[in-house]
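Student: Hi, I have a new model open and would like to go through it with you. Could we start with the helices and then move on to the sheet?

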Amino acid sequence: MRFVDDQQSFLRYCQVERRLSPHTKRSYEQTLDQYAVYCQSTHQDPYDVQSARRYLYALYEADTATTTVAQKVSCLKQFGKFVARETGGEPLFHGLTSPKRRKTLPTFAVPSEVEQLLKAAEGQDDPFLRARDVAIVEMLYGTGMRVAELCGMDVSSYDAGLAFVHVVGKGKKERYIPIGQFAITALDRYVDMRQTCATTQETALFLSQKGNRVTTDQIRYVMKRLRKLGGLHKPLTPHSLRHSFATDLLERGADLRAVQELLGHESLSTTGRYTHVSTERLRAVYQATHPRK
């Protein structure tokens, strides 16, 4: 029972004090639930670092992805720090180490693939879906915002006069992002169409067909459906359009710190990985076209 109580207190702390996103909170909850079940089934003390090491070893034995194991290590260490803060003791899982992550380049869409997504959205029979899905793609690609930020936008978040949108990012940090004419045109058309589904009480900008605020899973499904309609085989996601936004800006000479601000990254090094994407794209162009490659 003590572990369950500590877990609930930790999750409240993550939500109220640290202001973590619902997605991160849900991930932490799943990890701690799985760890508790493991310790209970193997009769181990969940507060013992050796139990945590055995749990992680079991994940390795099950061929769990390295990134997933790293996320679980991070969760356990954060939980351990929280319990130590509450009890005045030493952090429980300080000795845990994360597996080395294999550096991979993010998946992105080239402009022609974005056009295919937009064409697929425009080809839908339902006028509401047509307007909404075009606006979704234009916003994700035209602003680089996170999918959770898109879902969290209200009608009041869009300022057509100033051509800016207001978003609330990780840690409840707010920022304003400029939008271009393509996104403005798509948004204006969608806002007019939105009235056909919205209730007077609903403040969300992007709605489902039932008139409720869209969820991140629904946006991911929209992307999956548009990929299929557009004949795209690349595993493009909403986050891929965020990568595309950053990559295209940097390739056209945008300042790295300006892109950092637009993306809402805390660390410049996080934004810097997009320079590697640009380098790889340049290398591909060189290999494909230069006569003495």
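Student: At roughly what angle do the axes of α2 and α3 cross?
Tutor: The axes of helix α2 (residues 22-42) and α3 cross at roughly 105 degrees and come within 10 Å. That makes α2 roughly perpendicular to α3, where roughly perpendicular covers 65 to 115 degrees, under 35 counts as roughly parallel, over 145 as roughly antiparallel and the rest as oblique. Axes here are lines fitted to C-alpha atoms, for helices over the stretch in contact, and the angles run from 0 to 180 degrees between N-to-C directions.

Student: Before we go on, what sort of model is this, and how are residues numbered?
Tutor: This is a predicted model, in which local features need pLDDT of at least 70 and side-chain atom pairs count only at pLDDT 80 or more, while totals for chains, interfaces and linings use all residues. Residues are numbered from 1 along each chain as its sequence is written, and side-chain values use heavy atoms, with hydrogens and water left out.

Student: Thanks! Which residues of α2 meet α3?
Tutor: On the α2 side they are Thr31, Gln34, Tyr35, Tyr38 and Cys39, and they meet Ser51, Ala52, Arg54, Tyr55 and Ala58 in α3. Contact means heavy atoms within 4.5 Å. By class, this contact has six nonpolar, three polar and one charged residues. Nonpolar means Ala, Val, Leu, Ile, Met, Phe, Trp, Tyr, Cys and Pro, charged means Asp, Glu, Lys and Arg, and the others, Gly among them, are polar.

Student: And how does α3 pack with α4?
Tutor: Helix α3 (residues 49-61) and helix α4 (residues 66-87) have axes 11 Å apart, at an angle of about 165 degrees. The two helices are therefore roughly antiparallel. From α3, Ala52, Tyr55, Leu56, Leu59 and Tyr60 make the contact, and from α4, Val69, Lys72, Val73 and Leu76 do. By class that gives eight nonpolar, no polar and one charged residues.

Student: Switching to the sheet: how many strands form it, and in what order?
Tutor: Three strands form an open sheet in the order β1-β2-β3, with antiparallel pairing. The edge strands are β1 (158-159) and β3, each pairing on one side only. Two strands count as paired if DSSP finds at least two bridges between them. The strands (E, at least two residues) and helices (H or I, at least four) are DSSP runs, numbered from the N terminus.

Student: How many bridges are there in each pair?
Tutor: Two bridges join β1 to β2, and β2 (residues 164-168) pairs with β3 over five bridges. Aspartate 159 stands opposite phenylalanine 164 in β2. Phenylalanine 164 also has a bridge partner in β3, proline 178, while the partner of valine 165 in β3 is isoleucine 177.

Student: What about the hairpins, which residues take a positive phi?
Tutor: In the hairpin of β1 and β2, with four residues between the strands, alanine 163 has a positive phi near 60 degrees. In the hairpin of β2 and β3, with five residues between the strands, glycine 171 has one near 65 degrees.

Student: Which residues of β3 are on the covered face?
Tutor: Arg175 and Ile177 are on the covered face of β3 (residues 174-178), and Glu174, Tyr176 and Pro178 are on the uncovered one. In a regular strand the side chains alternate between the two faces of the sheet.

Student: Last topic: is serine 157 buried or exposed?
Tutor: Serine 157 is buried, with a relative accessible area of 10%; buried means under 20%, exposed over 50% and partly exposed in between, using a 1.4 Å probe and protein chains only. Serine 157 lies in the loop between α7 (147-152) and β1. Leaving aside neighbours within four places in sequence, serine 157 is in contact with Phe164, Val165 and His166.

Student: And where is cysteine 197?
Tutor: Cysteine 197 is in the loop between α8 (181-194) and α9 (216-230), and it is buried at a relative accessible area of 18%. Its C-alpha atom is separated by 6.7 Å from that of lysine 210, 13 residues apart along the chain.
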